[in-house]
Amino acid sequence: MTYALGRMVIAPLGRLIYRPKVEGKANVPRQGPVIFASNHLSFIDSIAIPVAAPRPVHFLAKASYFEGSGMKGWMSREFFRAIGAIPVQRGAGQAALDALEQQRLLLAEGRAVALYPEGTRSLDGRLYKGRTGVAFLALETGAPVVPVGLIGTDRVMPVGAKRPSLSERITVRFGTPLDLSHHGAASSGRARRGATDEIMAAIHALSEQELAGAYNEVPAQNPIERIKQVLPHERL
């Protein structure tokens, strides 16, 4: 009920205030499971996509947004529920696998989910290498991937800003759905990497960002973490 009410109120309000330029809306399948794979520039990306999409969209948000107490905690929970967010514990290893499972279940119900292959927001505006979790979901479920290019959300609400600017306008570009099945099975690392690279190439064509050529990772805090980042391993 909260999400239905939020979609009726927040989406029209967002379109009225920010007048987003939406391109390629006809590319979005209206029914069945679909994965929106987008670049990530700002906190409001997770609002921009549901506002612009022609169908309900769900995405995962940090569990801490749902755990506050008092009036502030209640308002935070209701806001994130209203925009289609589902709480998840962030992190690597088992936490990342649990997040993938939650998204798989949503797709099995025929829903649309939005993910950021870069993993976290770009602090310098460049497009970073994609992690393979999105490709795994697509290959495992057969859901088409709609690449999304967001432009200007970092100007509306830069990292660290307390409130969004009302003077900027954003562009949301939906690309042609990608059928990634030709890459192979989800169990193949080569297939996951190839599918991920295809997704990121499509996002790059839409967002027109400079390519970073590296993963967007928090700087290592100790020698063990630095070794892990240097050694080849799959980023989910």
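A: A residue is called buried when its relative accessible area is under 20%, exposed when this area is over 50%, and partly exposed in between, with a 1.4 Å probe and protein chains only. This is a predicted model, in which local features need pLDDT of at least 70 and side-chain atom pairs count only at pLDDT 80 or more, while totals for chains, interfaces and linings use all residues. Residues are numbered from 1 along each chain as its sequence is written, and side-chain values use heavy atoms, with hydrogens and water left out.

The structure holds eight salt bridges, where a salt bridge is a side-chain nitrogen of Lys or Arg within 4 Å of a carboxyl oxygen of Asp or Glu. One of them joins the side chains of Lys 21 and Glu 23, with an N to O distance of 3.5 Å. Lys 21 is partly exposed, because its relative accessible area is 43%, and Glu 23 is likewise partly exposed, with a value of 27%.

Glu 23 also meets the side chain of Arg 173 in a salt bridge, here at 3.0 Å from N to O. This pair links distant parts of the chain, since Glu 23 belongs to strand 1 (residues 21-23) and Arg 173 to strand 7 (residues 171-174), 150 residues apart; strands are DSSP runs of E with at least two residues, helices are runs of H or I with at least four, and both are numbered from the N terminus. Arg 173 has a relative accessible area of 18% and therefore counts as buried.

A further salt bridge connects Glu 109 with Arg 111, whose closest N and O atoms are 2.9 Å apart. Glu 109 counts as exposed because its relative accessibility is 53%, whereas Arg 111, at 34%, counts as partly exposed.

Arg 77, in helix 3 (residues 70-82), counts as buried because its relative accessibility is 19%. Leaving aside neighbours within four places in sequence, Arg 77 is in contact (heavy atoms within 4.5 Å) with Tyr 65, Phe 66, Glu 67 and Gly 68.
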